[in-house]
Amino acid sequence: MATSDAHLPRQVPIDGYGAGFFHFAGMASEGSILALPSGIHAWRIDGVAGIDAAALAPVLAESADIDMLIIGTGVEPWAVPDALRWRLRDVGIGIDAMPTRAAASTYNVLLAEGRPVAAALLALR
(Lines give C-alpha, C1' and ligand atoms only; values in the text may rest on other atoms or scores of the structure.)
Protein backbone atom coordinates (compact mmCIF):
# COMPACT_ATOMS: atom_id res chain seq x y z
CA MET A 1 0.00 0.00 0.00
CA ALA A 2 1.25 3.50 -0.67
CA THR A 3 2.48 5.68 2.11
CA SER A 4 0.89 9.07 2.66
CA ASP A 5 4.25 10.77 2.10
CA ALA A 6 5.10 11.66 -1.47
CA HIS A 7 8.63 11.29 -2.74
CA LEU A 8 7.74 14.27 -4.88
CA PRO A 9 4.56 16.31 -4.33
CA ARG A 10 3.75 16.72 -8.03
CA GLN A 11 3.20 14.45 -10.99
CA VAL A 12 6.21 14.07 -13.28
CA PRO A 13 7.40 11.69 -16.01
CA ILE A 14 9.39 8.59 -15.16
CA ASP A 15 12.94 9.23 -16.38
CA GLY A 16 14.29 5.71 -15.93
CA TYR A 17 14.06 2.43 -14.08
CA GLY A 18 16.12 -0.62 -13.32
CA ALA A 19 16.26 -3.58 -10.99
CA GLY A 20 14.37 -2.36 -7.94
CA PHE A 21 14.32 1.42 -8.58
CA PHE A 22 12.80 4.31 -10.53
CA HIS A 23 14.24 7.71 -11.51
CA PHE A 24 12.09 10.85 -11.78
CA ALA A 25 12.77 14.59 -11.49
CA GLY A 26 16.45 13.99 -10.75
CA MET A 27 15.60 11.66 -7.87
CA ALA A 28 15.90 7.91 -7.37
CA SER A 29 13.43 5.77 -5.47
CA GLU A 30 13.80 2.15 -4.41
CA GLY A 31 10.83 -0.16 -4.83
CA SER A 32 7.48 0.18 -6.53
CA ILE A 33 5.74 3.55 -6.97
CA LEU A 34 2.39 5.17 -7.55
CA ALA A 35 2.46 8.15 -9.91
CA LEU A 36 -0.66 10.12 -9.00
CA PRO A 37 -1.89 13.67 -9.58
CA SER A 38 -0.83 14.40 -5.97
CA GLY A 39 2.73 13.22 -6.59
CA ILE A 40 5.01 10.22 -6.77
CA HIS A 41 4.47 7.91 -3.79
CA ALA A 42 6.12 4.76 -2.49
CA TRP A 43 3.96 1.69 -3.12
CA ARG A 44 4.63 -1.09 -0.64
CA ILE A 45 3.74 -4.04 -2.83
CA ASP A 46 5.90 -6.94 -3.96
CA GLY A 47 4.04 -8.46 -6.90
CA VAL A 48 0.83 -8.68 -8.88
CA ALA A 49 -0.75 -10.98 -6.27
CA GLY A 50 -0.99 -7.95 -3.98
CA ILE A 51 -2.73 -5.68 -6.47
CA ASP A 52 -6.29 -5.22 -5.28
CA ALA A 53 -8.66 -2.40 -4.32
CA ALA A 54 -6.90 -1.94 -0.96
CA ALA A 55 -3.49 -1.60 -2.64
CA LEU A 56 -5.01 0.92 -5.06
CA ALA A 57 -6.85 2.92 -2.36
CA PRO A 58 -4.72 6.03 -3.07
CA VAL A 59 -5.76 5.82 -6.74
CA LEU A 60 -9.42 5.49 -5.77
CA ALA A 61 -9.07 8.47 -3.43
CA GLU A 62 -7.93 10.63 -6.36
CA SER A 63 -10.45 9.23 -8.86
CA ALA A 64 -11.90 12.66 -9.66
CA ASP A 65 -8.55 13.59 -11.25
CA ILE A 66 -7.78 10.29 -13.03
CA ASP A 67 -9.29 8.92 -16.24
CA MET A 68 -6.78 6.11 -16.85
CA LEU A 69 -4.65 3.94 -14.59
CA ILE A 70 -1.66 2.18 -16.13
CA ILE A 71 -0.40 -0.76 -14.08
CA GLY A 72 3.19 -1.86 -14.57
CA THR A 73 3.27 -5.57 -13.75
CA GLY A 74 7.00 -6.17 -13.52
CA VAL A 75 8.41 -8.29 -16.33
CA GLU A 76 5.40 -10.52 -16.98
CA PRO A 77 1.95 -9.61 -18.30
CA TRP A 78 -0.98 -9.87 -15.89
CA ALA A 79 -4.72 -9.96 -16.43
CA VAL A 80 -6.57 -7.48 -14.23
CA PRO A 81 -9.20 -9.38 -12.21
CA ASP A 82 -12.74 -8.49 -13.26
CA ALA A 83 -13.72 -7.34 -9.75
CA LEU A 84 -10.86 -4.82 -9.71
CA ARG A 85 -11.57 -3.66 -13.25
CA TRP A 86 -15.22 -3.02 -12.34
CA ARG A 87 -14.29 -1.30 -9.05
CA LEU A 88 -12.16 1.19 -10.97
CA ARG A 89 -14.77 1.63 -13.71
CA ASP A 90 -17.37 2.39 -11.03
CA VAL A 91 -15.37 5.52 -10.13
CA GLY A 92 -14.68 6.45 -13.75
CA ILE A 93 -11.16 5.08 -14.14
CA GLY A 94 -10.15 2.97 -17.12
CA ILE A 95 -7.35 0.49 -16.52
CA ASP A 96 -4.65 -1.16 -18.57
CA ALA A 97 -1.96 -3.54 -17.31
CA MET A 98 1.31 -4.30 -19.06
CA PRO A 99 4.93 -5.04 -18.16
CA THR A 100 6.53 -2.15 -16.28
CA ARG A 101 8.80 -1.03 -19.13
CA ALA A 102 5.83 -0.51 -21.45
CA ALA A 103 3.72 0.94 -18.63
CA ALA A 104 6.27 3.63 -17.76
CA SER A 105 6.52 4.64 -21.43
CA THR A 106 2.74 4.69 -21.88
CA TYR A 107 2.32 6.75 -18.70
CA ASN A 108 4.91 9.27 -19.93
CA VAL A 109 3.19 9.67 -23.31
CA LEU A 110 -0.26 10.15 -21.77
CA LEU A 111 1.13 12.59 -19.18
CA ALA A 112 2.89 14.60 -21.93
CA GLU A 113 -0.43 14.77 -23.81
CA GLY A 114 -2.01 16.33 -20.72
CA ARG A 115 -4.28 13.36 -20.08
CA PRO A 116 -5.49 12.69 -16.51
CA VAL A 117 -3.42 9.55 -16.00
CA ALA A 118 -1.95 7.66 -13.05
CA ALA A 119 0.46 4.74 -12.89
CA ALA A 120 1.00 1.93 -10.42
CA LEU A 121 4.43 0.58 -11.28
CA LEU A 122 5.96 -2.57 -9.83
CA ALA A 123 9.73 -2.35 -9.59
CA LEU A 124 11.63 -4.72 -11.87
CA ARG A 125 13.32 -7.59 -10.08
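Reply: Let's start in a loop: Ser63 lies between helix H1 (57-61) and strand S7 (68-72). Helices here are DSSP runs of H or I with at least four residues, strands are runs of E with at least two, and both are numbered from the N terminus. The model is predicted, so local features need pLDDT of at least 70 and side-chain atom pairs count only at pLDDT 80 or more, while totals for chains, interfaces and linings use all residues. Residues are numbered from 1 along each chain as its sequence is written, and side-chain values use heavy atoms, leaving out hydrogens and water.

Is Ser63 buried or exposed? Ser63 is buried, because its relative accessible area is 18% (buried means under 20%, exposed over 50%, partly exposed in between, with a 1.4 Å probe and protein chains only). Leaving aside residues up to four places away in sequence, Ser63 touches Val91 and Ile93; a contact means heavy atoms within 4.5 Å.

Now for the whole chain. Buried residues make up 47% of its 125 residues. Of the contacts with a separation of 6 or more, 69% join residues 24 or more positions apart. The chain has three helices and nine strands, in the order β-β-β-β-β-β-α-β-α-β-α-β from the N terminus. Its radius of gyration is 13 Å, close to the 14 Å that the globule rule gives for 125 residues, so the chain is as compact as a globular protein of that length. That radius is taken over C-alpha atoms, and the rule is 2.2 Å times the number of residues to the power 0.38. The C-alpha trace spans about 35 × 30 × 25 Å along its principal axes.
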